[in-house]
Amino acid sequence: MVLPPVVIGWLLLLLLGVRGPIGAWLNAWFGIRLVFTTEGAAIACAVMTLPLMVRAVRLSIEAIDPGLEQAAQTLGAGRLDRFLTITLPLALPGILSGAIVGYVAALGEFGAVITFAANIPGETQTLPLAIYAALQTPDGEATAAKLALVSILLAVGGLAAAEWAGRRTRAALGYRP
Amino acid sequence: MIQFSLRHTWPGGTNLAPNLAPGLTIDFTAPPGATALFGPSGAGKSTVVATIAGLFQAQAARVIIDGVVLTDTEHRIHIPPERRRLGLVFQDARLFPHLRVRQNLRYGLKRAPPGAIRFDDIVDLLGIAPLLDRRPHTLSGGERQRVAIGRALLAQPRLLLMDEPLASLDAARKAEILPYLARLKHALALPIIYVTHALDEVLAIADTLILLESGQVRAAGPLAELTARGDLPLAARDDAGAVLQARVAEHHPARQLSLLRAGPLALWVPLVAGSLGTQLRVRIPAREIILATEAPAGISLHNILPTLVVAVTEDHTRHIAMVELATGEARLLARVTPDAVARLALRPGKPVLALVKSMSVDVIR
């Protein structure tokens, strides 16, 4: 989370690039090339937003009363059974809102994407990249403003959706509001 | 039968909790029926339950239930909690909030081998049929605890462990659940270990009593025997009194009296419900017993019980004397003043009459 995105993009390039240890292997065995592709952009976004999601999921798992797992254990549930029937469902609100926040944050990724997957319109161009590109062209100001508006709406809407999803699932799970 | 042995010293002394006993040395054997672990908080009661359940691993412990070894540190045996098949009821019900009552009840049932305890019977016994489709957070404390008990029972346990199951409930909710527990004890021939620091719960449920005090067993034995002892902390309580197992011998509706028999003792009490032969548990409060060397005449009293003094324990700081009495196998406990002991020259072996008002006999159930 504290590493600059560009550094992460560059590290991805080193690892997954056509000459990188993993990238070369993927290319040789499966013919997969990640650099400068939509998939590559997705991976860069995922790596960038993962800490955000992990945080949300971890918080929601830590909030579960350990006594419930103990109760499940005395009722005959083994470790995996307890995880699937108690921990996972009870952590669902956090997982869901974490996923939404992660998705919205991914749409706004810039540094890691431009370094690893470049800025190819229609393929690896994220919203901020499009705004930046628009600002670089003369008369691009209006396009940039429209895109910025979309970006703001997405951010606010995403946060609201995450909050709403969290609350809805919590209520469905029987937590007190 | 449960054979239990525990040795444990808390690392770092008792800094964790000031009233915790520094070390535990607890051994007991519990016969079939309900066994109450009774004692102040910090005596080690919950540690015993956690050890039996396998949730706590003591430095040295042995837990054998009906011949099945669940824990034996000496032979490095520790069956994990999920394979012990013990029903555990916690003080906080710990119902799964994301499941309805029905699914909560079935959670253990689904994971247990087929057994004799049936879903419909338990729902009936605990009166939880109207709650089946509700969510745990919509239940009252008493309802939640009943569901928790049902859930534990449906896991087909070989033993029901209850760790202060009623401690978080108020007196009214407690009174609502106690009869269910008593019923359950009779309906299912299931051994029960019941942890509590409330004497009324002990009196209602326990057959065997194990008194714990700062990590040690202070006394263990049948409830009737221990409640009639004058030298235990139980006797120092204001509500001390011997418990007797009695049966209804006669009803006299015209006189509005019933005659109960507890061994050789005949006790007149205000008319009770229950057909002849019904087993009842009664308690005679120690402070309600008057001792006499001659039978009084012209008195409203119904019960004049011939007994022998077994032991006298005087407590000079509180200016009371506890007199243990016996008639055959029936035991009574009386609280009198040291002066009365001197005037009547009460000493072990002396015949004495115990006078008990019929109104003073507590019929527990």
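What is the mean pLDDT of chain B, and what percentage of its residues reach 70 or more? The mean is 90, and 97% of the residues of chain B reach 70 or more. pLDDT is the predictor's confidence in each residue, from 0 to 100. This is a predicted model, where local features need pLDDT of at least 70 and side-chain atom pairs count only at pLDDT 80 or more, while totals for chains, interfaces and linings use all residues. Residues are numbered from 1 along each chain as its sequence is written, and chains are lettered from A and ligands numbered from 1 in the order in which they are written.

**Confidence**

- The model has an ipTM of 0.80 and a pTM of 0.81.
- Within chain B, confidence is lowest in H5(B), with a mean of 81. It is highest in strand S20 (residues 351–356) of chain B, at 95.
- Helices (H or I, at least four residues) and strands (E, at least two) are DSSP runs, numbered from the N terminus.

**Where the chains meet**

- Chain A brings 17 residues into contact with 21 residues of chain B. Two residues are in contact if their C-beta atoms, placed from the backbone, lie within 7 Å.
- On the side of chain A that touches chain B, helix H4 (66–74) and helix H5 (79–107) of chain A are the elements that give two or more residues.
- H4(A) gives the largest share of that side, six residues.
- By class, that side of chain A has nine nonpolar residues, seven polar and one charged. Ala, Val, Leu, Ile, Met, Phe, Trp, Tyr, Cys and Pro count as nonpolar, Asp, Glu, Lys and Arg as charged, and the others, Gly among them, as polar.

**A helix pair in chain A**

- Helix H1 (residues 5–16) and helix H3 (residues 38–62) of chain A pack at about 130 degrees, their axes 11 Å apart. That angle makes H1(A) oblique to H3(A).
- Axes are lines fitted to C-alpha atoms, for helices over the stretch in contact, and angles run from 0 to 180 degrees between N-to-C directions. Angles under 35 degrees count as roughly parallel, over 145 as roughly antiparallel, 65 to 115 as roughly perpendicular and the rest as oblique.
- H1(A) contributes A:Pro5, A:Ile8, A:Gly9 and A:Leu12 to the contact, and H3(A) contributes A:Ile43, A:Ala44, A:Val47 and A:Met48.
- Seven of these residues are nonpolar, one is polar and none is charged.

**A helix pair in chain B**

- Helix H4 (residues 141–154) and helix H5 (residues 171–187) of chain B pack at about 25 degrees, with axes 9 Å apart. H4(B) is therefore roughly parallel to H5(B).
- B:Gly141, B:Gly142, B:Gln145 and B:Arg146 of H4(B) meet B:Arg173, B:Glu176, B:Ile177 and B:Tyr180 of H5(B).
- This contact has two nonpolar, three polar and three charged residues.

**A sheet in chain B**

- Five strands form an open sheet in the order S14-S13-S12-S15-S21, with antiparallel pairing. S14 and strand S21 (362–363) stand at the edges with a single partner strand each, so one side of each has no neighbour in the sheet.
- Two strands pair if DSSP finds at least two bridges between them.
- Strand S13 (residues 257–262) and strand S14 (residues 265–270) of chain B pair in the antiparallel sense over six bridges.
- B:Ala262 stands opposite B:Leu265, and B:Leu260 has B:Leu267 as its bridge partner.
- S13(B) and S14(B) form a hairpin with two residues between them. B:Gly263 in the turn has a positive phi of about 60 degrees.
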